[in-house]
Amino acid sequence: MSVKEDKTDVVYKLETNLDTQNLINGIFDEATNELAGKTNVSFDGSYTPLEDETLCIANFVLPDVLKDAFRNPISIDSFQPTDETIENIKGICVGYSENTEKSEKFIGAFQRFRKEQYISTSKLNLLFNDGTFTQNKSVGISVSYSIDCFLNGTNLIFDSFYYARQIFDSAGYYRTATDEDINNFLLTEKINLGDGREQVMAKANSWVRRKVALINDSGVLDKYSAMEIKRIAKKHSGLVDLTVKDKMIEFPNDFEKVKVLLTFLDEGSWVGSFSNDTFISTSKRKVK
């Protein structure tokens, strides 16, 4: 069990009886097998997997605190629940290490913790038994029948990056633009943001930072002139009306239109092969 304490993740042991331990292990095993049965797609931060797919971060480094816990769970302190401490639970995991003569492998399944899983004495908890509801005065937690990610050696498998990053700090496994990157992007000789520059900087959330990073990495603004980009945009009817002045693309003042323009520059739009309609995609994956 991972608990947030003073901005640090602390791992505790969840004390249970043998039957409960076997039940939790069975739940996590079944959920892991369900994820493992899907097709893996390498994670790059720009693709949302289909229902029969999962994302995979290769060469994932398990935090040392979890490595120690998987190696020697007996040495870990037991979690002491109170109304205050259960609200700091970050997630539950089941894991272990495998050792060979030359290597060590970590196996683990992880479930993020949600507010509805807390059983607090700050509420009147009623349990039904033998035809009657009676008050339960104990602090507790509930465990769901799913996991959010699992680790197999150095491969972290998940179907939602949004949920996986609530368990692990995954910022180092995909690139987002820094403030300096965004500032340099907005100051490029092919972009004229006018009075909208401060607005974009202020609203540069993770989505915007990811788009700017992908656009920078693609080199599209280096490979094509502003007029060439405008001609390409005309093929995407109704998507974005590009204005070019003094060999610069004039960004719109409307932030929603800015997002559409960033999507276009990141090749997130396409024209239907049969309908010729223009579409916007929320994710993409290059065909190998």
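Helix α6 (residues 206–218) packs against helix α9 (residues 255–265) with the axes 9 Å apart and at an angle of about 35°. The model is predicted: local features need pLDDT of at least 70, side-chain atom pairs count only at pLDDT 80 or more, and totals for chains, interfaces and linings use all residues. Residues are numbered from 1 along each chain as its sequence is written, and side-chain values use heavy atoms, with hydrogens and water left out.

**Helix pair**
- Axes are lines fitted to C-alpha atoms, for helices over the stretch in contact, and angles run from 0 to 180 degrees between N-to-C directions.
- Trp207, Val208, Lys211 and Ile215 in α6 meet Phe255, Lys259, Leu262, Thr263 and Leu265 in α9; contact means heavy atoms within 4.5 Å.
- By class, this contact of α6 with α9 has 6 nonpolar, 1 polar and 2 charged residues.

**Sheet**
- An open sheet with mixed pairing is formed by 3 strands in the order β13-β15-β14.
- Helices (H or I, at least four residues) and strands (E, at least two) are DSSP runs, numbered from the N terminus; two strands pair if DSSP finds at least two bridges between them.
- β13 (191–192) and β14 (243–245) are the edge strands, each pairing on one side only.
- β13 pairs with β15 (residues 248–250) in the parallel sense over 2 bridges, and Asn192 stands opposite Glu250 in β15.

**Ser170**
- Ser170 lies in the loop between α3 (161–164) and α4 (179–186).
- Ser170 counts as buried because its relative accessibility is 3%, where buried means under 20% relative accessible area (1.4 Å probe, protein chains only).
- Neighbours within four places in sequence aside, Ser170 is in contact with Phe161 and Arg165.

Methods:
Buried < 20%, exposed > 50% of the residue type's maximum accessible area, 1.4 Å probe, protein only. Nonpolar A, V, L, I, M, F, W, Y, C, P; charged D, E, K, R; others polar.
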